[in-house]
Amino acid sequence: MKITYHGHSCFLIQDQGTSLIFDPFITGNPAAKVKPEDILANYVLVSHGHGDHLGDTASIAKRNNALVVSTHEIAELVGAEGAKVHGMHLGGKFRLDFGYVRVTPAFHGAGVPGGHACGFIVDFHGRKVYFAGDTGLFGDMKLLGEIEPLDLALLPIGGNYTMDIDDAVRAVSFLRPEMVVPMHYNTFPVIEADPDEFKEKIERQVPGVAVRIVAPGESFGLPHTSKLI
């Protein structure tokens, strides 16, 4: 499995001919090295309706004939723009051709009236990826880690709107993924954070969890065998 980071909270994962993108904030993202029309995806997963997460969802989905998976309110919003959608909600689990999507809580604003922010656990061709979305620390992360043994966790560290570094370290101690990648930091001055500090604290406080710091535009592999690279 190949994972490419496009800055902020936008990740593209690819495996066995299937591509899935999380929170495709490309236009206006100062860290993005690509344009929306460069993105090829079969699925678009959106955590909430703030512009730095909903981003280019509708245009990418329509261009690729991709399915947008999100909360009911976001699905209705994007569906009204002509995209294919599948609405879900917190605690829901739905099987798709690559595996399944589980919608997890996220403690954050929805960005749309009447909705909720969320995260996702995705079983992507047998590998379990947790995309936390924008969230504060919450105790049921421990339950999520027990229910779904995680290969990879994508966690915000920038503070102000989400967890900061110390809370994200505690989240890792709850989730116990094989690997964690920090996100949602340094896009704007208010969320400046040092990923090396996060890495050092994980190595000291949560031994056994690998930390991968990924630059915008960089890709890394998640093999189907044994350990992560």
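Biologist: Which residues of helix α2 are buried, and what covers them?
Modeller: In this predicted model, Thr 57, Ala 58, Ile 60 and Ala 61 are the buried residues of α2, a helix that spans residues 57-64. Their cover includes β4 (43-45), α1 (51-54), β5 (67-71) and α3 (72-79). Just after α2, Asn 65 has a positive phi of about 55°.

Biologist: What makes Cys 10 count as buried?
Modeller: Buried means under 20% relative accessible area. Cys 10 has a relative accessible area of 0%, and is therefore buried. Cys 118, at 1% relative accessibility, also counts as buried.

Biologist: Why is strand β10 described as largely enclosed by the rest of the structure?
Modeller: Five of the five residues of β10 (residues 127-131) are buried, so the description applies. Arg 127, Val 129 and Phe 131 are buried on one side, and Lys 128 and Tyr 130 on the other, so both faces are covered.

Biologist: How do you know that β9 and β10 pair?
Modeller: Pairing requires at least two bridges. Five bridges join β9 (residues 118-124) to β10, and the two strands run antiparallel. Phe 120 stands opposite Phe 131 in β10.

Biologist: Which strand pairs with β10 in the parallel sense?
Modeller: Strand β11 (residues 152-156) does, over three bridges. The chain passes from β10 through helix α4 (residues 141-147) to β11 in a right-handed β-α-β crossover.

Notes. Residues are numbered from 1 along each chain as its sequence is written. This is a predicted model: local features need pLDDT of at least 70, side-chain atom pairs count only at pLDDT 80 or more; totals for chains, interfaces and linings use all residues. Side-chain values use heavy atoms; hydrogens and water are left out. Buried means under 20% relative accessible area, exposed over 50%, partly exposed in between (1.4 Å probe, protein chains only). Helices (H or I, at least four residues) and strands (E, at least two) are DSSP runs, numbered from the N terminus. Contact means heavy atoms within 4.5 Å. A crossover is right-handed if, with the strands pointing away from the viewer, the path from the first strand over the helix to the second runs clockwise.
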